[in-house]
Amino acid sequence: MKHFPQEAIEIMNERFHHDTLISLATSEGTIPWVRTVNAYYEEGSFYVITHAKSNKMQQITKNSMVAVCGDWFTAHGIAEDMGYILDKANQMLMGKLRAAFCEWYDNGHIDENDTDMHILRIQLTDGVLFSNGTKYVLDFSDIK
């Protein structure tokens with residue numbers, strides 16, 4: 001993995017392979033939008049549970065290119081609506097997301113009966129990660 005050293009994989013997993021807050025930037029026309037979301041990282045993608053009718057999802061429908069940042073990491077990615085959280089195709093992933101988001105998942109924010117509760121996947125394309133004075137320039141196509 002030429003552009004994704006093992007050390008960077010370990011740092012990404014340590015920092016983001018659990019419930020973590022990241023900033024997610026989208027755009028609408030020429031106007032950028034950014035918000036903080038709870039996310040879970042796994043193998044080159046962040047996963048977010050969100051409402052299909054939210055502003056971010058409406059913006060992503062028009063332009064799937066997004067940017068994320070958090071904890072000395074910035075990246076670009078392609079956002080994809082994976083559909084309703086209880087779809088059979090999402091069953092295995094939802095087990096991981098429920099576990100990762102267990103501190104707040106059942107506090108009323110998520111209504112599993114609402115078919116507009118969707119999983120947003122942000123498949124990272126490129127990024128920059130800093131750790132202990134080292135800069136990693138990452139090509140996420142190397143880990144797919």
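Arginine 35 sits in strand β2, which covers residues 31–42. The model is a predicted one. Arginine 35 counts as buried because its relative accessibility is 17%, and the cut-off for buried is under 20%. Beyond four places in sequence, arginine 35 touches a run of residues from Ile22 to Thr26, namely Ile22, Ser23, Leu24, Ala25 and Thr26. Asn55, Lys56 and Gln59 are also among the residues that arginine 35 touches. With glutamine 59 there is a side-chain link as well: a polar contact of 3.0 Å. Leucine 120 stands 85 residues away from arginine 35 in sequence. In space, the C-alpha atoms of arginine 35 and leucine 120 are 14 Å apart.

Serine 131 belongs to strand β6, residues 117–131. Serine 131 is buried because its relative accessible area is 14%, against a limit of 20%. Its contacts, leaving aside neighbours within four places, are Ile11, Arg15 and Tyr136.

| Residue | Strand | Relative accessible area |
|---|---|---|
| Arginine 35 | β2 (residues 31–42) | 17% |
| Serine 131 | β6 (residues 117–131) | 14% |

Next, the nonpolar interior. In soluble globular proteins, nonpolar side chains tend to be buried together. Here the largest nonpolar core holds 28 residues. Phe46, Phe73 and Leu124 have the most contacts inside this core. Helix α1, residues 6–16, is the top contributor to the core, with 5 residues. Another core lies apart from the largest one and has 15 residues, including Tyr40, Tyr84, Leu93 and Met94.

Now the whole chain. The protein has 3 helices and 7 strands. From the N terminus, the order is α-β-β-β-α-β-β-α-β-β. Among contacts with a separation of 6 or more, 66% join residues 24 or more positions apart.

The overall dimensions follow. The radius of gyration is 15 Å, which agrees with a compact globule, because a globule of 144 residues would have a value near 15 Å. Along the principal axes, the C-alpha atoms fill a box of roughly 45 × 35 × 25 Å. Of the 144 residues, 44% count as buried. The accessible surface comes to about 8,000 Å², and carbon and sulfur atoms account for 51% of this area.

Definitions and conventions: Residues numbered from 1 in each chain as written. Predicted model: local features only at pLDDT ≥ 70, side-chain atom pairs only at ≥ 80, totals over all residues. Heavy atoms only, no water. Helix = DSSP H or I, 4+ residues; strand = E, 2+ residues; numbered from the N terminus. Buried < 20%, exposed > 50% of the residue type's maximum accessible area, 1.4 Å probe, protein only. Contact = heavy atoms within 4.5 Å. Polar contact = N/O pair within 3.5 Å; in protein donor to acceptor, adjacent residues only side chain to side chain. Core = buried A, V, L, I, M, F, W, Y, C linked by side-chain atoms within 4.5 Å. Rg over C-alpha atoms; globule rule 2.2 N^0.38 Å. Areas by Shrake-Rupley, 256 points an atom, 1.4 Å probe, with all protein chains shown as cover.
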